[in-house]
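Hi,

Here is the structure I promised to pass on.

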Amino acid sequence: MRDYLLPGEGYRVLFVIGKGGVGKTTTSASIAVALAERGYKTLIVSLDPAHNLGDVFMTKLDDKPKKLADNLYASELDMEKLIKRYLKHLEENLKHTYRYLTVINLEKYFEVLSYSPGIEEYATLEAIRDILMEGNKWDVIIFDTPPTGLTLRVLALPRISLIWTDKLIEIRRKILEKRAAIANIQGPQRFRIGEEEVELPIEEDKDEVMKELRKYRSEVQFVEGVITNPKKTSVVAVMNPEALPLYETLRAAEALKKFKVPFRLIVVNKVLNVSGEIPELKVKLDAQRRVLEQIEGEFQEVDVIKIPMFPEEPRGLDWLKRLGGMIVES
Ligand SMILES: Nc1ncnc2c1ncn2[C@@H]1O[C@H](COP(=O)(O)OP(=O)(O)O)[C@@H](O)[C@H]1O
Ligand SMILES: [Mg+2]
């Protein structure tokens, strides 16, 4: 068995990435079925707003894990709902932290934020974090992800967020130092919120803003710790034996390396095995041969498996079991 697909240090997290239509959902569902069959309690979650996990399992799914077989649970997250929830959470945090800033019309601000670039990535990261926080309920958690670009940005986010959070913590610390200097000369500073009189905090663990920054930092640190741990996380890239998916996989490999997210397996899916000469397929088969050669050369440290193009769509538990066996057994 391929050990990087199995629990290592506690639960195993698998991210199955790739372009739309290459077979991400089919591959992740197959791995899930095969691992569940081998006794690992497995959760598969679709993060792709264009869900088709339910189609592949031939059943209806929603955002609660549904038991499909022994040890096998599946869900499809509702990204719209998650974005709304994420913004609500932000709004409440801000209102609490900046109680005295009632002059700002927060509702208007959040209406605009929901269309802001990056929101989908943050909401997706939050969803991943929620699941990882309860990761010990499972042996294996498989994420069937949105097309590559968005997924890579999500996996890069913890790193980036840590950098800017540290910067903000530093700035906040300076503000608190200035406040302390003023309080030293003029005594504690007070202000009113309605009826309430509040003293401006000068200590870090009494300051709501600092507490919020620290809390956020530790949340992000947790996700970063999981997704960069090779004993916990493996990325599986799915591609078809064509030039463009190959370039995309190469770019993904580079990005994952930069963010230290372990990239372990390439599934080359829908490989055409044709006996005899078919003139209409000659160009395609030549291209496929070149791409397969290139893959062998380019990815020395990554496992590569080839899965043939089947004469029918691999759907339903029996098909997935067969296909999953080909992937998890080395
Ligand atoms: N090896 C294969 N042989 C034949 N059809 C396949 C194979 N893998 C996937 N498919 C079909 O290709 C389509 C896209 O696969 P899917 O897993 O939904 O891709 P993605 O999730 O990457 O968009 C589906 O109709 C699926 O049944
Ligand atoms: Mg899919």
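This is a predicted model: local features need pLDDT of at least 70, side-chain atom pairs count only at pLDDT 80 or more; totals for chains, interfaces and linings use all residues.

Residues are numbered from 1 along each chain as its sequence is written, and chains are lettered from A and ligands numbered from 1 in the order in which they are written.

Let's start with the sheet. It is open and has eight strands in the order E3-E4-E2-E5-E1-E8-E9-E10, with mixed pairing. Strands here are DSSP runs of E with at least two residues, helices are runs of H or I with at least four, and both are numbered from the N terminus. Two strands count as paired if DSSP finds at least two bridges between them. At the edges sit E3 (66–69) and E10 (303–308), each pairing on one side only. From one strand to the next the twist averages 20° (axes are lines fitted to C-alpha atoms, and angles run from 0 to 180 degrees between N-to-C directions).

E1 (residues 12–17) is worth a look: six of its six residues are buried. Buried means 20 or more other C-beta atoms within 10 Å of the residue's own, exposed means 12 or fewer, and partly exposed is in between, with C-beta atoms placed from the backbone. Arg-12, Leu-14 and Val-16 point one way from E1, and Val-13, Phe-15 and Ile-17 point the other way. E1 pairs in the parallel sense with E5 (residues 140–144) over five bridges, and there Phe-15 has Phe-143 as its bridge partner. E1 also runs parallel to E8 (residues 233–239), again over five bridges, with Ile-17 partnered by Ala-237 in E8.

E6 (residues 190–193) and E7 (residues 196–199) are antiparallel over four bridges, and Phe-191 has Val-198 as its partner.

Now the ligand. There are 17 residues around ligand 1, and Gly-23, Lys-24, Thr-25, Thr-26 and Glu-313 come nearest (a residue is near if its C-beta atom, placed from the backbone, lies within 6 Å). H1 (24–37) and E9 (263–271) each supply at least two residues of that shell, and H1 gives the most, with three. The shell divides into five nonpolar, eight polar and four charged residues.

H10 (residues 316–328) has 13 residues and reaches 18 Å from first C-alpha to last, close to the 18 Å expected at 1.5 Å a residue (1.5 Å times one less than the number of residues). Its buried residues are Leu-320, Leu-323, Gly-324, Ile-327 and Val-328. Seen down the axis of H10, these fall within an arc of 125°, so they line one face of the helix.

Asn-71 is in the loop between E3 and E4 (72–76) and is buried, with 20 other C-beta atoms within 10 Å. Lys-270 is in E9 and counts as partly exposed, with 19 C-beta neighbours inside 10 Å.

Cheers

How values were computed. Ala, Val, Leu, Ile, Met, Phe, Trp, Tyr, Cys and Pro count as nonpolar, Asp, Glu, Lys and Arg as charged, and the others, Gly among them, as polar. The arc is that of the directions from the helix axis to the C-beta atoms.
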